[in-house]
Amino acid sequence: MTACAIEPAAANEQNGENGENGDGGTSRTERAITEDGDAPRTERALTEDGEGSSRPRTEYAITEDWERPRTEYAITEDGRTPRTACVITVDGSYAARLARDGGSWFPERWTLDGPEPYTVPLPGNQPEEPGTEVQPMGDGRVLIRRFADGRHTFSLLYPTGPRTGELPLGAVECPDEGTVLRLLPPAPGGEKAYALAVGPRSSAVWLVAGGAFGPEHLAQVPGRCSGGVWLDRAGRMLALDRETDGRTKAVVVDLERGGEVSPLLQIADGSDDRLLLADPDSGLLLISSDAPSPGRPRLGWGVLGSTLPVRFPECLRVPDCTLTPFAIQPGQVLVPESCGVALRVDGPMGSWVGVWRPAARQVQHLPAPEGWLAGAGLWTEGGELLLPYATADTPCGVARWAAASGNGALAGEAEGPGGTGGTGVGDAGPGGSEGSEGGGGKVAGAPEPGPPGPPGPPEPVVARPVPLQQAPLGNLVTK
């Protein structure tokens, strides 16, 4: 493993859009730039925005005719989920996004845990590039990743009166041309942030904020990885979707055991099985797999540690629409079937919100608030779905949809600076249909616990997932 160190990079240095090179050379271990001026090797990285689009784009599924999204779960060209316009911390305190002022982009922090949401602009000395990534930290600072001069630089932004303060964290160089580096979803706790560097033949997990000495290389995973889902509240077990030999299977990387890799999803030998979302409290997993219908991903669910097969509800197949889960209700210990799941629905008439629970037989379709930052949202433990939005009149607003007990019906209102107003509930998209669920693949389990220890305060226990085993896909009907 290559050692890494901090580079005291200048604040707000020149940004650039990532280039693209299809070179398929052998992957080598990435490294951080050091203070001693050790000559770094040149990097060329792919950005998520392709060839420098004028604004962040929404990615859709690629179909067999290359014309329209599939009707099931969206998988982008590189195997990732559609990118959201806003990133929210795990506890829902802060959010961050790239905002636009005319033709210029700048970071913006949202505070969501106060009496009403408000925003703090964090512009630098020059506009940001569209491919720049931002991520809120638990203390209110915003992590920013820029690509410039063949390297990825990381800094923490914070407000300092009328200006923006910037704390450089260092930089990461990837020696292989064609390497993609992007931030992983916010980690539990909000104290650390991670990035995934995907090379031609292997992928590296980096700790880019919260370490003692700047960017730190944590794990090297054979194969091209995408996704990124946290399985525990300690920020130790990271699930990635790994592509090897033309097939994609979700694996678990243990960041406290030297990046030890173990399989997580294996529904069928020839299927592509991805993990989309996970709730550490209930163990609910949202899964994409083409095992029930080869060549076409289906949205399914299972429970971490359960011996029951993965189920693929028919109601999650909405004609001519793409469903992308983006939030799971936390705190539902031992009752994963009761967890609310928020879905982004993209159809011919635009985007709206779907709400579904594993125990239900249908998806409830809700109109998205005007200016919704599509794909962004958060569930509270009490069953309230928060959807951030921004309009000319309300630059920082949150629509709240409260679930009624029992039938799961929702009623909502919007809040933001300048007052509140009802948003209403209605059929913004096609209604869900009842149907049976196909099942396949068993859900990962955990080893048997040892003898009880001496009395004392309980400590978090990290369940080590084991691979899903193959299970019959036919002749299985569940609710």
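**Chatting through an all-strand model**

Q: Which residue in E4 is the bridge partner of Tyr-94?
A: In E4, Tyr-94 has Thr-111 as its bridge partner. Keep in mind that this is a predicted model.

Q: Fine. How many bridges join E3 to E4 there?
A: There are 8 bridges between strand E3 (residues 94-101) and strand E4 (residues 104-111), and the two run antiparallel.

Q: And what's the strand order of the open sheet they sit in?
A: The order is E2-E3-E4-E5, an open sheet of 4 strands with antiparallel pairing. Strand E2 (87-88) and strand E5 (118-121) are the edge strands, each pairing on one side only.

Q: Zooming out, how many helices and strands does the protein have?
A: It has 0 helices and 31 strands.

Q: OK, and what share of the residues counts as buried?
A: Of the 479 residues, 53% count as buried. As for surface, the protein exposes about 20600 Å², and carbon and sulfur atoms supply 49% of that.

Q: What about contacts, how many join residues at least 24 apart?
A: Take the contacts between residues at least 6 apart in sequence: 53% of them join residues at least 24 apart.

Q: Let's do the core. Which residues have the most contacts inside the largest nonpolar core?
A: Leu-286, Leu-316, Leu-323, Leu-343 and Trp-356 do, in a core of 20 residues. The elements giving two or more residues to it are strand E18 (273-278), strand E19 (284-289), strand E20 (298-303), strand E22 (322-328), strand E23 (341-347) and strand E24 (350-356).

Q: What does Leu-316 touch, leaving out residues up to four places away in sequence?
A: Leu-316 touches Leu-299, Leu-323, Leu-343, Trp-356 and Val-363.

Q: And what's in the second core?
A: That one is separate and has 17 residues, including Val-229, Leu-231, Leu-265 and Leu-285.

Q: Switching topic: where's Arg-145, and is it buried or exposed?
A: Arg-145 sits in strand E7 (residues 142-148). It counts as buried because its relative accessible area is 5%, under the 20% cut-off.

Q: So which polar atoms does its side chain get close to? What's the distance to Glu-133?
A: The side chains of Arg-145 and Glu-133 make a polar contact of 2.6 Å. There's also the backbone oxygen of Gly-131, 3.3 Å from a polar atom of the Arg-145 side chain.

Q: Now the other 4-stranded open sheet, the one with E10. What's the order?
A: It goes E10-E11-E12-E13, with antiparallel pairing. The edges are strand E10 (180-183) and strand E13 (216-222), which each pair on one side only. From one strand to the next, the twist averages 20 degrees.

Q: How many bridges does E10 have with E11?
A: E10 and strand E11 (residues 193-198) pair antiparallel over 4 bridges, and Val-198 in E11 is the bridge partner of Val-180.

Q: And at the other end, what stands opposite Trp-206?
A: His-217 in E13 does. Strand E12 (residues 202-209) and E13 are joined by 6 bridges, running antiparallel.

Q: Now loops. Where does Leu-255 sit, and what does it touch?
A: Leu-255 is in the loop between strand E16 (247-254) and strand E17 (260-263). It touches Tyr-194, Val-205, Leu-218, Trp-230, Gly-235 and Arg-236, not counting residues up to four places away in sequence. At 14% relative accessibility, Leu-255 counts as buried.

Q: Last one: which residues other than glycine have a positive phi? What's the value for Asp-320?
A: Asp-320 has a phi near 60 degrees, and Leu-334 has one of about 70 degrees. Those are worth a look because most residues other than glycine have a negative phi.

Q: Where are those two, and how exposed are they?
A: Asp-320 lies in the loop between strand E21 (309-313) and E22 and is partly exposed at 40% relative accessibility. Leu-334 is in the loop between E22 and E23 and is exposed, with a relative accessible area of 76%.

Note on methods
Residues are numbered from 1 along each chain as its sequence is written. This is a predicted model: local features need pLDDT of at least 70, side-chain atom pairs count only at pLDDT 80 or more; totals for chains, interfaces and linings use all residues. Side-chain values use heavy atoms; hydrogens and water are left out. A nonpolar core is a set of buried Ala, Val, Leu, Ile, Met, Phe, Trp, Tyr and Cys residues joined through side-chain atoms within 4.5 Å. Buried means under 20% relative accessible area, exposed over 50%, partly exposed in between (1.4 Å probe, protein chains only). Contact means heavy atoms within 4.5 Å. A polar contact is a pair of N or O atoms within 3.5 Å; within protein, one must be able to donate a hydrogen and the other to accept it, and residues adjacent in sequence count only if both atoms are side-chain atoms. Accessible areas come from the Shrake-Rupley method with a 1.4 Å probe; for residues, only the protein chains shown count as cover. Two strands pair if DSSP finds at least two bridges between them. Axes are lines fitted to C-alpha atoms, for helices over the stretch in contact, and angles run from 0 to 180 degrees between N-to-C directions.
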